[in-house]
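Dear colleague,

Please find the structure below, followed by an account of what was found in it.

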Amino acid sequence: MKNNHNTTSIKRQMQSKGLRITPQRFAVYANLLSRSDHPTVEEILSEVNRELPISSKATIYTALTVLREVGLVKEVLLEEGVTRYDANVQPHHHFCCQNCGTIIDIEWETFTNLRLDNLPPGLHAESYEVIVKGQCDRQDCQPLRESQNSIVES
Ligand SMILES: [Zn+2]
Ligand SMILES: [Zn+2]
């Protein structure tokens with residue numbers, strides 16, 4: 001579902017949001033559309049750099065900000081201090097593996113009977129998102145090393 005994006009349809013989507021297409025913006029958006037692992041800026045950078053070696057963390061971040069402002073990309077904050085990015089901007093939930101850190105999209109319809117009318121009086125919900133924490137069933141589900149978890153300083 002996520003992998004049948006071609007250059008033309010990606011450019012069309014960007015243009016429909018009034019975005020000027022730059023090589024950076026295109027590379028970042030195309031990369032995000034091709035994956036569903038909710039990468040960090042650093043993870044996007046290392047992949048984009050294979051095709052566009054002129055990229056820096058700052059240019060990737062700038063491209064992400066623009067894409068986010070027009071609603072093509074969403075920030076996902078599931079762990080403290082770690083910002084991840086998602087090209088799936090439809091409402092959906094996330095499953096977070098506590099062992100390997102894998103984040104999996106969960107369809108919106110999975111939780112149909114969440115009772116938002118049980119909120120304390122005076123609170124009006126506008127949106128919500130469920131984060132399910134647990135253990136995934138990937139073959140290579142391995143505990144994360146500490147160094148992969150920490151933020152790269154630069
Ligand atoms: Zn997601
Ligand atoms: Zn796992």
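Which residues of α4 are buried? They are I60, A63, L64, V66 and L67, where a residue is buried if 20 or more other C-beta atoms, placed from the backbone, lie within 10 Å of its own, exposed if 12 or fewer, and partly exposed in between.

Some conventions come first. This is a predicted model, in which local features need pLDDT of at least 70 and side-chain atom pairs count only at pLDDT 80 or more, while totals for chains, interfaces and linings use all residues. Residues are numbered from 1 along each chain as its sequence is written, and chains are lettered from A and ligands numbered from 1 in the order in which they are written.

The chain has five helices and five strands, in the order α-α-α-α-β-β-β-β-β-α from the N terminus. Helices (H or I, at least four residues) and strands (E, at least two) are DSSP runs, numbered from the N terminus. Of the 154 residues of the chain, 15% count as buried.

Just after α4, G71 has a positive phi of about 85°.

The axes of α2 (residues 23–33) and α4 (residues 57–69) come within 9 Å and cross at roughly 75°. That makes α2 roughly perpendicular to α4, a term for angles of 65 to 115 degrees. Axes are lines fitted to C-alpha atoms, for helices over the stretch in contact, and angles run from 0 to 180 degrees between N-to-C directions. Q24, R25, V28 and Y29 of α2 meet T59, I60, A63, L64, V66 and L67 of α4.

In α2 the buried residues are A27, V28, Y29, N31 and L32, and they pack against α1 (7–16), α3, α4 and β2.

Finally, H38 is found in the loop between α2 and α3. Its phi is near 55°, a positive value in a residue other than glycine. H38 counts as buried because it has 25 C-beta neighbours inside 10 Å.

With kind regards

Definitions and conventions
Angles under 35 degrees count as roughly parallel, over 145 as roughly antiparallel, 65 to 115 as roughly perpendicular and the rest as oblique. Two residues are in contact if their C-beta atoms, placed from the backbone, lie within 7 Å.
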